[in-house]
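Please read the points below alongside the sequence and the model. They begin with the ligand and then turn to the fold.

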Amino acid sequence: MATILSFVNLKGGVGKTAISVNFAAFCGSKGLKTLLVDTDPQTNATFSCISVPNWKEHSSKKGTIANLMGMRRHTSAQGTNVTTNEIIIENVFSNVDLLPSHLDLFTIDLDLAGAIARESKLTRALSEVMNNYQIIVCDCPPNLTIPTQNALAMSTHFAVPVSPDFLSALGIGILLNRVKDFCGDLQHDLNHAGIILSRIGRPAQHRDEIAEDLRSTFGDLVLNSEIRERVVVSEAASQNRSVFQMPNRDAKLEFKACSIELLERIGIEI
Ligand SMILES: Nc1ncnc2c1ncn2[C@@H]1O[C@H](COP(=O)(O)OP(=O)(O)OP(=O)(O)O)[C@@H](O)[C@H]1O
Ligand SMILES: [Mg+2]
């Protein structure tokens, strides 16, 4: 069975997508057969890997995660009998396949309001491909609605990127409690892989104290490695590349150190 790691936080813009995409790319570069699952209606991980025209063509011809999660048919998400394998886009990076997202997921909580076992739709849809991968990486939206619930219900581990600014740090305790309750209700075993200090250096008041506070509150849960704010991270995404395909040495080193630490914490040897 694949190890499945979801990146979650209730706060937006803290680096969940950047870390998901680059962690997946790192895993692939180490020869791990990797699936990147974009569960966010914003479709940011998808657009960090493939161009908008390619996504448009693929989503209309083959479909996206919205089809797998049983959305009612919107004009742009057609195809009733698509298999998971057909929806997955192969080799967006070396050894990394992508399950793309769709803006249709924005209304999924309404669409699936009365559906039975709606938090395990993704687990069921991916069961046919699970064994093809050593690691599955899920990029989640900044909330705990149905797409995130589906990712967590399927995951063996979760990790929390946090940007050290006042408002980002506030919600971590709430998030951890909610995840615990959710897993308790589902009787699902989910391991905390760690908190990642991300986008360090972004202008923010008291950021050093907040980073210190997080380390003293959450102790070993916080990864040693930190991801700094660097333009090359968004540049890479806009070029559908990982930071490992960009010239900036520092960004590569940081994402490498963070990925190695995460892999150790989830028990995958490279
Ligand atoms: N280390 C970094 N340095 C510079 N820019 C970054 C870094 N990490 C992320 N960004 C940029 O900041 C923005 C937000 O990052 P990202 O999309 O990864 O956050 P997110 O937590 O996934 O946001 P959301 O909750 O909206 O999905 C993006 O434009 C991204 O390219
Ligand atoms: Mg994101």
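Which residues are the closest to ligand 1, and how many surround it?

1. In this predicted model, 18 residues surround ligand 1, and the closest are Gly12, Thr17, Ala18, Pro142 and Ser234; a residue is near a molecule if its C-beta atom, placed from the backbone, lies within 6 Å of it. Two or more residues of this shell come from each of helix H1 (16-29) and helix H12 (231-238), helices being DSSP runs of H or I with at least four residues, and strands runs of E with at least two, numbered from the N terminus.

2. Strand E6 (residues 157-162) is mostly covered, with 5 of its 6 residues buried, that is, with 20 or more other C-beta atoms within 10 Å of their own, all placed from the backbone. Strands pair if DSSP finds at least two bridges between them; E6 pairs in the parallel sense with strand E1 (residues 3-7) over 3 bridges, where Leu5 stands opposite His157. E6 is also joined by 6 bridges to strand E7 (residues 191-197), again in parallel, and here Val160 stands opposite Ile195.

3. The protein chain has 13 helices and 7 strands. Its radius of gyration, taken over C-alpha atoms, is 17 Å, close to the 18 Å that the globule rule (2.2 Å times the number of residues to the power 0.38) gives for 270 residues, so the chain is as compact as a globular protein of that length. Of these 270 residues, 46% count as buried.

4. On conventions, residues are numbered from 1 along each chain as its sequence is written, while chains are lettered from A and ligands numbered from 1 in the order in which they are written. As this is a predicted model, local features need pLDDT of at least 70 and side-chain atom pairs count only at pLDDT 80 or more, whereas totals for chains, interfaces and linings use all residues.

Note on methods. Buried ≥ 20, exposed ≤ 12 C-beta atoms within 10 Å, placed from the backbone.
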